[in-house]
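I hope they are handy while you have the coordinates open.

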Amino acid sequence: MKPFYFGKSSMLLSIMAMALIYSLTGCGNSTHNQQQEGAVDTADALVDITALTKIADTTLTDKKISVLVQDSLTSKNETIYIQITDLEGNPVTNTNLDYNVIMDMGMMSHGGPYYPLVDLGDGIYKAEAVFIMANMKDMGKGWILNAVLNKTDSLSFLLPVSEAKFARTIPVGTKEDGRVFVSLLLPNEVKTGSQTIDFTLHKMDQEAFPPLDNYTVEIEPFMPDMGHGSPDNKAAVSKGNGRYSGTVNFTMKGPWTIKVNLFKKGEKVSQEELVFPVEVK
Ligand SMILES: [Cu+2]
């Protein structure tokens, strides 16, 4: 199968995307998804909620639930914050919150990879989901975050997910795991020098998108305009829960690409080389 980038806006690609997802999930209307077990991630426990952008909210009789993001949501691995306050704006803690994400495409719906909620305290919860495609005009409601509060109140938030400027989540065929979604967590613009490079890997299993460990994500930074790469890069290795971390070195400013191949036991197992553009400032 040719490489396919989800979420292009032309009608032809829309139809292809729909047909592809339909055939891959093999299920027309399921909203089922499977939440993966995960270790508590406290790396960004000190999130500045006032610096975030609210994209949706709803008010219950005694609570207000807000959905916040860094800037906006695009078709990639994204972090979403859910804030619960009382009607005066004071944090409400000790709530039981559960969630999933689905994409309503009109004639069908499908899920995407997502991680368990992390309770950051002060009524703030961190969700993380991979939007494997962008919302499409005139095709259903698009991505929806469904939350259940204290096992009783069901809430639905429409998520405005637009096309990522640079591809950050790309599907690739593999030997053993079928189609694998490779998500690069690097921002569009980075600084020169050696830095951490993180990926997440998820496969499609019926309607669920379980994380994949036991791969090595080989990276090769390249400057297409100048025809050179860089030394001292380290392949991203598994940290568990589908998360991978390595080191990338950008030796000068300008447009770079990162070529990515998946390896298992020293053997290349991805069917095509993936190319992620990065602007080095
Ligand atoms: Cu979709």
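1. Asp 57 is partly exposed, with a relative accessible area of 37%. Its side chain meets that of Lys 64 in a salt bridge, with an N to O distance of 3.8 Å. Lys 64 is partly exposed as well, at 28% relative accessibility. Please keep in mind that this is a predicted model, here and in every point below.

2. S1 (53-59) is one of the edge strands of its sheet, and six bridges join S1 to strand S2 (residues 64-69). The two run antiparallel. Lys 64 turns up again here, as the bridge partner of Thr 59 in S2.

3. The sheet these strands belong to is open and has five strands, in the order S1-S2-S4-S8-S7 with antiparallel pairing. At its edges are strand S1 and strand S7 (114-121), each of which pairs on one side only. From one strand to the next, the twist averages 20°.

4. A second salt bridge involves sequence neighbours: the side chains of Asp 62 and Lys 63 meet at 3.5 Å, N to O. How do the two partners stand in terms of accessibility? Asp 62 is partly exposed at 44%, whereas Lys 63 has a relative accessible area of 12% and counts as buried, because the cut-off for buried is under 20%.

5. The side chains of Asp 177 and Lys 203 meet at 3.4 Å, N to O. Asp 177 lies in the loop between strand S12 (169-174) and strand S13 (178-184), while Lys 203 belongs to strand S15 (residues 193-203); the two are 26 residues apart. Asp 177 is buried at 12% relative accessibility, and Lys 203 is partly exposed at 21%. Salt bridges with shared partners join Glu 176, Asp 177, Lys 203 and Lys 264 into one network. Across the whole structure, a search finds 10 salt bridges.

6. Now to the metal. Which residues coordinate the copper ion? The donors are Met 103 (SD), Met 105 (SD), His 110 (NE2) and Met 133 (SD), at 2.0 to 2.4 Å. In sequence, the donor residues follow the spacing M-x1-M-x4-H-x22-M.

7. Why is the arrangement around the copper ion called tetrahedral? The four donor atoms subtend angles of 98 to 121°, and four donors count as tetrahedral if all angles lie between 85 and 135 degrees. For reference, the ideal angle for four tetrahedral donors is 109.5 degrees. As for accessibility, Met 103 is buried with a relative accessible area of 0%, and His 110 is buried with one of 2%.

8. The donor His 110 also falls within the range of strand S6 (109-111), so this part of the note leads on to another sheet. That open sheet has four strands in the order S6-S5-S9-S10, with antiparallel pairing. Strand S6 and strand S10 (153-159) stand at the edges with a single partner strand each, so one side of each has no neighbour in the sheet. Neighbouring strands of this sheet are turned by 30° against each other on average, direction ignored.

9. Most residues other than glycine have a negative phi. Asp 232, however, has a positive phi near 65°. This residue sits in the loop between strand S16 (216-222) and strand S17 (234-240), and Asp 232 is exposed at 61% relative accessibility.

10. Asn 241 is another residue with a positive phi, here near 55°. Where is Asn 241 placed? It lies in the loop between S17 and strand S18 (243-250). With a relative accessible area of 23%, Asn 241 is partly exposed.

How values were computed. Residues numbered from 1 in each chain as written. Predicted model: local features only at pLDDT ≥ 70, side-chain atom pairs only at ≥ 80, totals over all residues. Heavy atoms only, no water. Donors = N, O, S within 2.8 Å, 3.2 Å for Na, K, Ca; no water. Tetrahedral: all angles 85-135°; square planar, octahedral: opposite > 155°, others 65-115°. Buried < 20%, exposed > 50% of the residue type's maximum accessible area, 1.4 Å probe, protein only. Salt bridge = Lys/Arg side-chain N within 4 Å of Asp/Glu carboxyl O. Pairing = 2+ DSSP bridges. Axes fitted to C-alpha atoms, helices over the stretch in contact; angles between N-to-C directions.
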